[in-house]
Each structure stands twice: as C-alpha cells, then as structure tokens.
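Please open the structure in a viewer and keep the selection tool at hand.

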Amino acid sequence: MSNPELGRRVVLLAGAWIARSGRDDTRTDLDSAIRLFDHVISLLPDAHSDLVMYRYFHGTAIMSRFERYGNETDLDSSIDSLRDALRRTPFDSPNRPTTCISLGTALRMRFELTYNDADIEESIDVLTHGDSILANGDLKGEHPGLQSMLGMAYLRRFQESMNLSDIDNAQLFCEKSCSESKNAIAPYLSNWGVALRNRYNYSGNLKDLDKAIEVNRSAYLHVDPNDPQLSKIMVGLASSLHERFDRTGQRADIDEAIQLLRGSIEKARGELQIAQFSTNLGSALHGRVRLFPNDDDTDEMLAAFRTALISAESSGDRRSLAFALGNLANALSVQYQATTDIDILNQAIAASRRAIEIENDHVRSPVVHSNLGLDLARKFHHTGDKADIDDAVATLREAVRTTPDEHPMRISWLSNLVAVLSTRFDRWGDPTDREEALAAAQSVATSQVTPIRTRLGSARAWGRFSAGKQELLDSLRGYQLAVELLTRLASREMDREDSERLLGEYSGLAGEAAAIALELNRSETALELLEQGRAVLWTQLVENRSDLSSLQQDSPNLADALRAELEILDPAVGENTIAPSIDESNGTEVAGLGHRRDMVSAAAHRFDSLISKVRRLPGYSTFMKAPSASDLRRAAAHGAVVVINIAPRRCDAIVVCEDRITAVPLTNLKNDDIPDSITRYISALQVTFDANRSSLAKSIAARNMMDTLNWIWTTISEPVLMHLGYSQNASPARVRRIWWCATGNLGLLPLHAGTNTEGVGVMDYAISSYTPTVRALILAQRSDGHSKRHPSNILVVGMSQTSGQCDLPGVDREIDSITQKLSNENCTVLKNSAATKNMVIETLTDHEFVHFSCHGHQDFIHPSSSGPMLEDGILSIRELSQRNHDQGKLAFLSACRTHTPGTLIADEVVSLAASLHYIGWRNIIATLWSVRDSDASFIGEQVYNQIVKPSGIQIENLAEELQAATLNLRSKFPNDPSRWAQFIHIGP
C-alpha cells in the first residue's frame, strides 16, 4: 500500500460509493466504502503516513451511516477513528481544522445520546482548538463550518446547563459562520436559526424568534434543491414557525410549518430521520388540532406519530424512541378528547409512562410528566376516581420539581398544576390546594418570559382564587393584570380571525374584573376595566387611525414613521386597498408568503418602539393608551351613558354622568337567568316570522316577547331610570338621552324597549341610543362631521331580489321614497345586479350618507364574516374594515340583524353596525334581529320625512326622529314587539 496512485484510487472508489449512497439513499454502497477503509487500514503499519487520511475518511463515513441509521456503535467507532486521525495530523496541517469539525460534531452527537458531560466538553475543546488555528493562521475564514459546529456544541451544553453564556456563544459563533462563508451558506444559516430559537426559548424575547424565522427562511431560499441538507433546513424553518404559532396563535405559521414538514419527510434519509421528522409533523398537527379541531388532522397526526415510533424502534435510538412515545401519547390524548373513549386515554397514559422509563432523569422527562399529569386529570373527569387526580397532582409536581427554576418551561408546568389543583379544590375544597394553586398562578402570571396566553389564564385564576377567599384587593390585582394581558393577546400583526378566536377564549373576563372592582365600591376602576377589556380589536383599529392626527402636527417625522409601520400592520391606514384573497389550493411560494408575515412581525416590534418614543414627548404620555375615568365622563355631555355589566358574582349598571360615575346594583338581574331570557325572546321572534305557524302560536310568541321586555324593565330599566330621576313623558324642553352599552350576550336584547306590565316603557322616559363602548361614543362626538363631499351626497344600495332569499318588494318603495326627496345629482343608486361588493366598497368612500336596503347575514361563530347580502355575495365586516370612513355621517341599515353581535366573542361587539361606526360613520340606524319588509319601509319613510330638509339631510335630532317613528309603529302593534323593538340608533 505504498503506491500513492493506489491510495488515490481507494479514496476515489470509496468516495464514489458514498456519493451514490447519498444520491440513491442505499445502505449497501455506504457499507462497501466503510469495509474498503477497514481493509486498507488493517493492511497499513501504524507509522504509515497515509493512515491519517484513511482514519479520517473512515470516521466520517461511519458517522454518515450513524446519521442515517442510528446505530450507536457506529458513533463510537467514528469517534475512535477521528480521534486517531486528529492525533496523527500535524499542528501546521491545513487539514487539522477539518478533522476538528468532524470529531467535534461526532462527540456532540454522542452527548445527545448518552448525556455524558465529558463528550460535550471534549467537543467544545476540539472545536475551539480548530477555531484558534484558523484565527491565528493563514487559513482564517476558510472554515466557517467549524464556527457553526462550535456554535452547535455550545448550544447543546446550554440545553443541559442553562448557562446564559453558552447560548450567547452559540448565537455568536453561528452568526460568525454565516458572515464569513462565501458559499454553501444554507446549513450555517439553519444552525444560526436553531441557536436563535433556543435563545428565544430561554429569554421569551419574540425578537429572537422572529430573527430565527428570518434566518431559517433565508437558509431555505439559499439551499440547492438537491442538497441532502434540504430536509433538515426545512425542519429548522418549520420548527421556528411552530414556536411562533405556540406564542401568537397565528394559523398561517402552523399551516406553513406543516406543509414544510410534509415535504421534509419525503426527502428524509434513513429510519432515524423519518422518526424525527414524523415526530415534528405530528407535533405541528397536534398544535393545529388543539386550536382548530379537524378529524383529518387528527388522523394524520396519529399516523405521523405511529410512523415515528416504528422508525425510532427500528433505528435503536432511545432518545428518538422516547420522543416518539411522548408525542404519540399527546396524539392519543387529543383523540380521546374528541371521542371520550377511555381505552384511548389509557393508551396515552401507558405511552407516557414508557417514555418516562426510557428518559429517566433526562431534561425531556418533565415534559412527559406534565403531559401525563394532564391525561391523569382527564381520566379523573371521566371516572371520578380521586386516585386519578391525586396521581395527576403528584405527577405535575414532579414535572415542576425536576425542572430548574430558571428553565422557561417550568412556568408551563406550573400553569398545568394550577389547572389540576383548581379542579381538585372545586371538588373537595381543601384550602391547601387553593393556597398552592394561588401561589403557582401568581408566579405564572407575573413571569415576563412566559407566553401571554399562559400568563393570562393564570392571572384570571389568581383573581378567582383570591375572590373565593374574599381577598378582594388581591383578586383585583390579578384581574387587572389579566385584562392588561388580554389587550396584548391579540397582537397587531395577527390575522383578525385568529385574534377573534383567542379573545373568545376569555369571554367575560372584563366583566368578572369589573364585578370585583364594584364590590370594592370602585365604579371608576370597573368602567376602566370594561373599556380596556372589551372591543380590543376595534380599539386597536381606532388607535391606529385617530391618534396620529395630533401627532402629525407636533412631530411629523414620528407620525410618518408610525404611519409607515401601520401601513404594514393595518392596510386601511395607508392606501385604500382590499386585502387580496389567497387561493389555498395553490401550495407554491411558501417562503414568499412567509416573508409577508415576517415583515409584519418586524413592523410590530418597530411600532412598539416608536410608541414608547412618542409617549416620552410632552403631552403624549397617554398616546394610544386606554382612557381614564375622567376622560370617559366626557361621553355624558348630552345625557347618561349606562353600561350594564354582567358577571357570575353580581350584575350592575355603571352610570356615567358628566360629574360622576356611579354604580346601580341590579339585584334582580342574575347572570344565570340571562341565557334563558335570550333564548325565550329569540325563539318567540322566530315564531312570529314563520309563515307556517298559526295565528295562535304567533300570539303566544308575541306574549313571550312582551314577558321578556317586562323582565328587562324589572331587572334593568326601572332601577336605572329611578337612579337617574327621569320622569315619564317629559316635555320636549326636558327630553332626556340615554346611551345603552351592554356587555356579554346581553347585547342580544333590546334594552331600549324595556316595558312594564302596563305598557309603559323606556321610550316613554328618554330617547335611547346605543354605543359599543364609551370610548366609541367619545370619538363619534369628537368628530365634527365636516366633509369635503357634496352636502347630502347619499349612496343607496338596494337588493329587492337576492339569490336563495325571499324577495323584498319594500326595497323599491324605499329607494323611490329616498330619491324623490333628494335631487338626482345628490343620490347614487346601486340596485340588484349593480350592487356588487367591489362597486359598493369603491362608491362608499365618495358619500357621507349610505342607505342599505337588503337582506343581512349574521355568522355567530365568525362574526367578521357577517354583512349585507349583495349581488355577488356577502360584503363582510372584514372587507368593510379595510377602509376608513371618518367623514361618514349616517349609515342607515334597513336590513336584518345588522347589530346582532357574535355570541362567542360578545365582548368584542362585532356587528355590521358597530364596524361601520368604528371605521368612521358617526351615526348608524340598525336592527337587532329580523325585521319585516313593510316595517323597515315604514321606519325609513318616517325618518327620511323628518331629516331631509331643503338644505339637505339634517341629522342633529336623528335619535329622536327614529324613536318617534318607532313609537308610531308601537302604537299600531303595542303587543307585538317584533314589529317595533328591533330598530336602534348608534351614535352621538
């Protein structure tokens, strides 16, 4: 073997086998190359100069075989060969850093299997040695791969030690490898992304995670489609996207992650990679199923975890096997929650116990312990066996105990423990459980590095636990934190539907918080909490569009910078464009779509930084902050604002006057009675509109509706009117105004129509209007209504015929009535086929008055999909909200259900009427529920007769004119509220 040419041929032949093995993913060629090296090494004497080369190639080939097939003995052999190669390599050899890379990488891999500290220490020493050679020699910059691997070694040591200097070093070296690499940069970028993601896991700083996604995406865009590293790079990007989904709940992130992971499995090489990538796919599907239940996802998730388990067992990699078992347990748990099949839950528990046995004391065990504890709690809910929940508490305590205090996941385990202790306390009332749960909840809620959702749930639990102990001041502190976190839950870069779904999980929170404040006689605090914790999405929209005007005058540069970020975060602040729809069937350009989300996330961070800078300016300390109680009193300049707060603990009317804010306890209003009253009213209303029901049935239904109005009078109207001192049938000079603001699902009932048993109602005492929030009324009052548009310029949209709906003959009468009162040049009519969504949206911006006469659609689950039904479909609230109409004076919605809020997120007040009000229309005439075509025409005729003057449309007394028309209708049908109780006014 002294012939150099023969040695070269050996290396070429082995290299060809290895290359073909990588291309075709066949083990035979790789085994042949390793046997060839074994044979050559056995023939050479120990002092032979070529032995260093053969030992190096032998070590790297065996390491490749381990990476694909997971045999631990291969890794031991690889390290032996590479150590010998490094020992034989001269210090001044240009090959020494390369050997350091391979040996350091192999040692890190073995540490990941055995957790032998000596391996990771040697890995860092070897790679540091190689880096020092490069730094001090002529080869500087030639081996960025060494810096990348050194970063990965520091990262693995950090994952065990949680030493912050290690994660900083990991990030530093990975970043340096990217800056010094001249080609083949994708793997280095991917490793840098991994380091950033792990630093995020430690710090909770979303900027680290956003940067990780940016870097991972760059790696994905740079990698060659035929590069064997492509699958790992796809997994890196998917993992970062999955992390951000867990933090923010943005569906687009998890959808992209799942698509990437499916692709990675197709490109996986060997059983070990199949096991790892299938586990990642199953975990991502688990995350999506948890928030967006779907049978197909559940089936695919289970299949992925079972594939991972089979592949892990075949590979012999115990770490992958433990991961696969733990994740299979999670998948089975999800399936149990969908089916309540106790056998499936028992399988999940068994898989978790087996995973714990394999993991022993490894850091992964707390994860499995926590999941096992939750499954045991679910088993308790199924069986009622106290032994199960006792086992659950003990298991969750073990998860907390075995996790270092500084580890960010410890807070998650505490959060799970809070939930299970709460369940046990509710069942058996042991005060020690409540004390432990309360202490844990406070720790979780006040942790600055914990995801908002986790903190929010614990802050709410803190409030409830302390309230149960009658420690009301402490309870208020917990609830105040919860409401503050609620406003941060729906981040500005999040899709609206995702935001609505997340906010829906905490429906009623603001009401609970206000109830505690009211019990402490803090009515002003109660009102502030309600204003802060309700209509969160609309508040963000209004802040974005209104507060910039004054800043533009005082600090135009800052205002322009904020506006630039808001053009990304809120398209309506910039040019008037409709967000394009995305064809989800087109799976191309995944990375390109992700760039938009990354850009938005970065804009959100810059936006927050700019807001902090603005608030340091004189006079801007409250810029885009929730108003104080003194600010809110301004809403009562022309009459009282009455906010009805409902909560399990108590119900109250918070009455806002110019000089004070007071609370009126509604002792006869019980939170538990409200759902029945709503159901009774709506059911009766449906009967009155059913053409197939008899006259007797409709008469009974009308009586039931009147009973509901009597109930409203007794529980709400009468106590409020008595508190205000309003008298019946006041003279015109003493006309009283009331603005009703209902919380929760109470907004489904006509508070303005409360009537006593003698037929006297709220409308006989005061002029009623509504407001979604007190702040919305202040903003509407603040608008001076001046417009550059032609006076009385009105858009009339009518649909007398709508596909799939009954005809509305009254539409023609309404349109004719309006057009006859106004000159043609001041009136734009879009009727039937002309009333398309795009035409209405484009035309709407040119008018200060709009009248819709058509069918309305209400989606109670996804209220932002509600809207008027036009020629080509529903013009949704989401689409309407893309435009700003701050000069709009009146939107007359002569359609059904235009102010019927979504039931799952009632506190967000998502209705067509509210959305138009928030985007700039100062006054709205709307309907709470269905209305008859003839009644809508009558109200429209009556109102327009009063507001159309020779000088144009005058709406200063709009609320009074609407109430007069409603009273006229009531006089005709006094015992049938379905004819007159549905029409409302929103605005000043």
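A residue counts as buried under 20% relative accessible area, as exposed over 50%, and as partly exposed in between. The model on display is predicted.

**The whole chain**

Begin with everything selected. The chain contains 39 helices and 16 strands. Of its 988 residues, 58% count as buried. Among contacts with a separation of 6 or more, 70% are made by residues 24 or more positions apart.

**Two exposed loop residues**

Select Gln470, in the loop between helix H21 (452-468) and helix H22 (472-489). Is Gln470 buried or exposed? Its relative accessibility is 51%, so Gln470 counts as exposed, because the threshold for that class is over 50%. Gln470 also has a positive phi of about 65°, although it is not a glycine. Most residues other than glycine have a negative phi.

With 72% relative accessibility, Asn521 counts as exposed.

**An enclosed strand**

Now select residues 849-853, which make up strand S8. Five of the five residues are buried, so S8 is largely enclosed by the rest of the structure.

Strand S6 (residues 794-798) pairs with S8 in the parallel sense over five bridges, and Val797 has Phe852 as its bridge partner in S8. Strand S12 (residues 890-894) also runs parallel to S8, joined to it by five bridges. In that pairing, Ser853 stands opposite Ser894 of S12.

**A three-stranded sheet**

Proceed to the open sheet with the order S9-S10-S11, in which the pairing is antiparallel. Which strands stand at the edges? They are strand S9 (856-857) and strand S11 (873-874); each has a single partner strand, so one side of each is left without a neighbour in the sheet. Two bridges join S9 to strand S10 (residues 867-870), and His857 stands opposite Gly867 in S10.

**The nonpolar cores**

The largest nonpolar core has 163 residues, and those that touch the most other members are Leu489, Leu509, Leu527, Val641, Val643, Ile654 and Val774. Helix H15 (residues 318-339) supplies the largest share of this core, with 10 residues. Centre the view on Val641 and display its contacts: leaving aside residues up to four places away in sequence, Val641 touches Ala635, Ala636, Ile654, Val655, Val656, Trp739, Thr771, Val774 and Leu777. Another core, of 103 residues, lies apart from the largest one; Trp711, Val760, Ile925 and Ala981 are among its members.

**The cavities**

How many cavities of 30 Å³ or more does a search of the whole structure find? The search finds four. The largest cavity holds about 160 Å³ of space. To locate this cavity, select Ala742, Gly747, Tyr770, His899 and Val909, the closest to its centre of the 18 residues that line it. Strand S4 (residues 737-742) gives the most to the lining, with three residues. By type, the lining comprises 13 nonpolar residues, four polar and one charged.

Technical notes
Residues numbered from 1 in each chain as written. Predicted model: local features only at pLDDT ≥ 70, side-chain atom pairs only at ≥ 80, totals over all residues. Heavy atoms only, no water. Buried < 20%, exposed > 50% of the residue type's maximum accessible area, 1.4 Å probe, protein only. Helix = DSSP H or I, 4+ residues; strand = E, 2+ residues; numbered from the N terminus. Pairing = 2+ DSSP bridges. Core = buried A, V, L, I, M, F, W, Y, C linked by side-chain atoms within 4.5 Å. Contact = heavy atoms within 4.5 Å. 1 Å grid on protein atoms, 1.4 Å probe; cavity = no way out; pocket = protein on both sides within 12 Å on 5 of 7 lines; lining within 4 Å. Points joined across faces, edges and corners; volume = space filled by probe spheres on them. Nonpolar A, V, L, I, M, F, W, Y, C, P; charged D, E, K, R; others polar.
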